[in-house]
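Here is a friendly walk through one protein chain, from its overall dimensions down to a few individual residues. Please keep the model open as you read.

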Amino acid sequence: MNTKGIRYLLTRIENSEVTVGSLPQTVDDIKLVLAENDIPVEEGLAHLHQFGALKLSQSAGDGSVEIILQAKQVH
């Protein structure tokens, strides 16, 4: 899968509060996040490239955490 010309971003929301906003990521960073969330890497990347975003939700002891991955074409 060719990832040249794609910019990856990660947003993290904890209990409805943005804790990380649109932090640039490498494709390896995105693969790690997918693997940590038990999402097959190739399928996760394919979804991200097709739809431009992937939302992951986790329950934490003191609330919820949402991670939003984005892939944007760079011109």
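With 75 residues, a compact globule would have a radius of gyration near 11 Å, and the 12 Å of this chain agrees with that. The radius is taken over C-alpha atoms, and the globule rule is 2.2 Å times the number of residues to the power 0.38. This is a predicted model, in which local features need pLDDT of at least 70 and side-chain atom pairs count only at pLDDT 80 or more, while totals for chains, interfaces and linings use all residues. Residues are numbered from 1 along each chain as its sequence is written, and side-chain values use heavy atoms, with hydrogens and water left out.

**The chain as a whole**

Taken along the principal axes, the C-alpha atoms fill a box of roughly 40 × 25 × 20 Å. Buried residues make up 29% of the 75, where buried means under 20% relative accessible area, exposed means over 50%, and partly exposed lies in between (1.4 Å probe, protein chains only). Of the contacts between residues at least 6 apart in sequence, 43% join residues at least 24 apart; a contact means heavy atoms within 4.5 Å.

The secondary structure comes to 2 helices and 4 strands, and along the sequence they follow the pattern β-β-α-α-β-β. Helices (H or I, at least four residues) and strands (E, at least two) are DSSP runs, numbered from the N terminus.

**The sheet and its helices**

The pairings can be set side by side; two strands pair if DSSP finds at least two bridges between them.

| Strands | Sense | Bridges |
|---|---|---|
| Strand 1 and strand 2 | antiparallel | 6 bridges |
| Strand 1 and strand 4 | antiparallel | 9 bridges |
| Strand 3 and strand 4 | antiparallel | 8 bridges |

Leu-9 stands opposite Pro-24 in strand 2. In strand 4, Glu-66 is the bridge partner of Ile-13, and Leu-69 is the bridge partner of Leu-54. Strand 3 and strand 4 form a hairpin, with 2 residues between them.

**Residues worth a visit**

Is Gln-25 buried or exposed? Gln-25 lies in strand 2 (residues 17-25) and counts as buried because its relative accessibility is 16%. Not counting residues up to four places away in sequence, Gln-25 touches Tyr-8, Leu-9, Leu-10 and Ile-30. The side chain of Gln-25 also reaches the backbone oxygen of Leu-23 at 3.4 Å. A polar contact is a pair of N or O atoms within 3.5 Å; within protein, one must be able to donate a hydrogen and the other to accept it, and residues adjacent in sequence count only if both atoms are side-chain atoms.

Ser-22 is also found in strand 2. Its phi is near 50°, a positive value in a residue other than glycine, and at 38% relative accessibility Ser-22 counts as partly exposed. Asp-38 has a phi near 55°, again positive in a residue other than glycine. Asp-38 sits in the loop between helix 1 and helix 2 and is exposed, with a relative accessible area of 73%.

Finally, look at Ala-60 in strand 3, which counts as partly exposed at 32% relative accessibility. Ala-60 and Leu-9 are 51 residues apart along the chain, and their C-alpha atoms are separated by 22 Å.
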